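Notes below, in the order I looked things up.

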Amino acid sequence: MSTFIELFPLEKFSKPRTVSNFCIMKYRIILFLLTLRICTLTYSQNTVVDSLLNELQNTRQDTTKVILNNNIAKALYKTRPEEALLYAKEAYCIAEKGDIGQYKSVTNDFLAATNWLLGKYDSAIVYVQENIHNFDSIQ
């Protein structure tokens, strides 16, 4: 029967570990590919927002403006929440002025989610409560 020291000699565990050049290169390539992927995701999102902004400048109907502002807010809500909040507020003002109730609730959702993401929980609660009130008045 062998002893513990014979099975696991101390020399095996006391050698310093070295990282091979292959491992270092592998991690650098992975890091480069991840960085490249993030850049392409950001670029593609900017093109969507740019096309929506072009459509917004060319439209005259209030309903279309509300829809486009909501879509812009949706596209920006996770990456640039401050900007998304501005577009959602603009959509809310247009929906309020034009009395477009069906789009007002969607705008309230974006306002609540964006305010919550920014840490403005009191404002988020106000928009959620307004949505509940609107829903109750419909029924």
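Entry 1, N108. I started with the contacts of N108, skipping its neighbours within four places in sequence, and found Y92, Y127, E130, N131 and N134. This is a predicted model, so I'm reading computed contacts here. N108 belongs to helix α6, residues 101–118. Is N108 buried or exposed? Its relative accessibility is 0%, and the cut-off for buried is under 20%, so N108 counts as buried.

Next I checked how α6 packs on α5, and got an angle of about 155° with the axes 9 Å apart. From α5, I listed P81, E82, A84, L85, A88, K89, A91, Y92, A95 and E96 in the contact. The α6 side gives K104, T107, N108, F110, L111, T114, N115, L117 and L118. Sorted by class, the contact of α5 with α6 has 11 nonpolar, 4 polar and 4 charged residues.

I noted a left-handed crossing where α4 passes α5. On the α4 side I have D62, K65, V66, N69, N70, I72, A73 and L76. They meet P81, E83, A84, Y87, A88, E90, A91, I94 and A95 of α5. The class count for the contact of α4 with α5 is 11 nonpolar, 2 polar and 4 charged residues.

Which residues have the most contacts inside the largest nonpolar core? I got V49, I72, A73, L76, Y87, A88 and L111, in a core of 17 residues. Helices α3 (21–58), α4, α5 and α6 each put in at least two residues. I also looked up A73 by itself: leaving out neighbours within four places in sequence, A73 touches A84, Y87 and A88. Another core lies apart from the largest one; it has 5 residues, including A91, I94, A95 and I100. For context, nonpolar side chains tend to be buried together in soluble globular proteins.

How values were computed: Residues are numbered from 1 along each chain as its sequence is written. This is a predicted model: local features need pLDDT of at least 70, side-chain atom pairs count only at pLDDT 80 or more; totals for chains, interfaces and linings use all residues. Side-chain values use heavy atoms; hydrogens and water are left out. A crossing is left-handed if the near helix is turned anticlockwise from the far one by less than a right angle, and right-handed if clockwise. Helices (H or I, at least four residues) and strands (E, at least two) are DSSP runs, numbered from the N terminus. Contact means heavy atoms within 4.5 Å. Ala, Val, Leu, Ile, Met, Phe, Trp, Tyr, Cys and Pro count as nonpolar, Asp, Glu, Lys and Arg as charged, and the others, Gly among them, as polar. Buried means under 20% relative accessible area, exposed over 50%, partly exposed in between (1.4 Å probe, protein chains only). A nonpolar core is a set of buried Ala, Val, Leu, Ile, Met, Phe, Trp, Tyr and Cys residues joined through side-chain atoms within 4.5 Å. Axes are lines fitted to C-alpha atoms, for helices over the stretch in contact, and angles run from 0 to 180 degrees between N-to-C directions.
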